[in-house]
Amino acid sequence: MKKTLLYFIFAVSFYSFSINGEKKILLGSRDIFNIDATQEKNISEIPIDSLAIVNFFSQYPKLKGCEPQVFEVYRTNHYQSVWFANKKINELGILLYQSTGNLSEEGLQIKIPYKEKLDLFFSQSDKELSPYIEDELLLTSVYFYYTQHVFQGIDDKSTADLGWFIPRKKLSFVTYLDTLMRNPKLLSHDESKMFKQYYRLKDALKKYRLIEAKGKWQPIVMTNSNPIVVGSKSSVVYKVRERLHYLGYLKADNKSMKYDKELAQAVWKYKKNVGITVDDLITSRLVASLNVPIADRIKSIIFNMERCRWISSDFNQADEYIFINIPSYEMNYFKEGKTLLNSKVVVGKVMNQTVIFSGMLQYVVFSPYWNVPKSIIDKEIAPAMKKNKNYLAQHNMEWNNGNIRQKPGPKNSLGLVKFLFPNSNSIYLHDTPSKSLFKEEKRAFSHGCIRLEKPIELAYLLVKDDKNWTMEKLNNAFHSKKEIWYTLKHKIPVYIGYFTAWVNEYDEVQFYDDVYARDECLTSYLFSEQ
């Protein structure tokens, strides 16, 4: 009976007692025959028991999602304190707490659960500091909650539901804790774990919030739809100049109503960064873009910071890759840190959206056949053939094993060349005979594949290091009457992404129309009531 009573008293020592009106988890190593609730052992002297962890999450259910990781970190750390030594909290613990108060700078609208408990603990002076296991476990749980939201973002299932199929980065925040302990400053900036575009957007968010705080983002009224040319005078010029100065396109605002060359250069650069046809005219289209509410621009930055959380930091060190951004209708081919080729692209229509995914470019196909998808045969070609028996011959098409294909030639829908990165979405890059579409600002016209403005240039870059391919052979391949396949010496990653806000190498913020309404879909994930 006495032995049973001793076991009972020992077990109770791990449970919660009321100390000065506030519940704390006892450290469990006091003299069990003479418990003095005002005297606590130093946390660094006492191991964290698994029973205390279970009890903690019963009291803090909003953090229960972190429980498996909390157990793992203490198993790894032999159930010793992570944050305290001799009643002193380490540097990472202090930085973590400071970071929990700056979540808006990370573009997050969330609140840290039980933040008031942390505030109470950190309000103590060094002399008053008396950490309990409860404080230890709260800090650990908050660490996992914080890193999950800041470094990882919404879960994999949610991004898949949003149509994002680029593989998500994988991080072990238990392992990462060791890295942060060695270098706590990585918590605020770590390009080995975060796509560097995230930090550029973070700086842009700060800049745009400062503009918003000034309260000078008033609508620009343009009563006359006629474009304003360089040399003209207008109150609209005054307002456009002021707005572009706020945005950083002009170093100074001379308050002039005369449209001068300095302002024209700023107009040209701004148009380029928002996907408007580039010229030096002040148009109603330009004014409409400048009138987008600053709050909407801020939201756009936040949406794309979230997307950066899904991207692997391998991007930062990648030696060679092709990146297509759907909203900007643009492709960039990067190699050894340099842009080898920039090309306009045509992407899928809203009803035939280009898929957001990645693959490995493996083949260049010169003078390609176009194997017409069954959906296009059923919806477009079959009805046309009923009206015109010569439809196939007139369009250089033929039957092939029960399917229809278009033969190589200048009028082939794939143009002179296509680029294959085998995938289940049947998406590839290709030339097109419809060159006029590249003059359009909004270029969502295809059935899902991506048409390139500069396919010849891309093909040349891909084969130029192969001594077997001369310029003459390359030109002949483009105009052959039969398909010619070329296998790349090494595969090149291709990423088809979706960013409506981007910061370029000159620290200029670029905004693009949300062509597939993907930002709108993110709203419920990032701006829902907490």
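The charged end of Lys418 sits over the ring of Tyr428, 5.3 Å from its centre, and Lys473 lies over the face of Trp469, at 4.6 Å from the ring centre; a charge counts as sitting over a ring if NZ of Lys or CZ of Arg is within 6 Å of the ring centre and within 35 degrees of the ring normal. The model is predicted, so that local features need pLDDT of at least 70 and side-chain atom pairs count only at pLDDT 80 or more, while totals for chains, interfaces and linings use all residues. Residues are numbered from 1 along each chain as its sequence is written, and side-chain values use heavy atoms, with hydrogens and water left out.

The structure holds 31 aromatic pairs, where rings of Phe, Tyr and Trp (its six-membered ring) pair if their centres lie within 6.5 Å, with planes under 30 degrees apart counted as stacked, over 60 as edge-to-face and the rest as tilted. Two of the pairs share Phe195.

| Pair | Centre to centre | Between the planes | Class |
|---|---|---|---|
| Phe195 and Phe315 | 5.2 Å | 35° | tilted |
| Phe195 and Trp502 | 6.1 Å | 55° | tilted |

Phe195, in the loop between H8 and helix H9 (197-214), is 120 residues apart from Phe315 in helix H14 (residues 314-317), and 307 residues apart from Trp502 in strand E17 (residues 501-503); helices (H or I, at least four residues) and strands (E, at least two) are DSSP runs, numbered from the N terminus. Phe195 counts as buried because its relative accessibility is 8%, buried meaning under 20% relative accessible area with a 1.4 Å probe and protein chains only, and Phe315 is buried as well. Ring pairs link these residues into a cluster whose members include Trp164, Trp310 and Tyr495.

In helix H3 (residues 67-76), the buried residues are Glu67, Val70, Phe71, Val73 and Tyr74. They lie on the same side of H3 because they cover an arc of only 165° around the axis, taken from the directions from the helix axis to the C-beta atoms. These buried residues pack against helix H2 (50-59), helix H6 (133-152) and helix H8 (173-182), contact meaning heavy atoms within 4.5 Å. Just after H3, His78 takes a positive phi of about 55°.

Methods
Buried means under 20% relative accessible area, exposed over 50%, partly exposed in between (1.4 Å probe, protein chains only).
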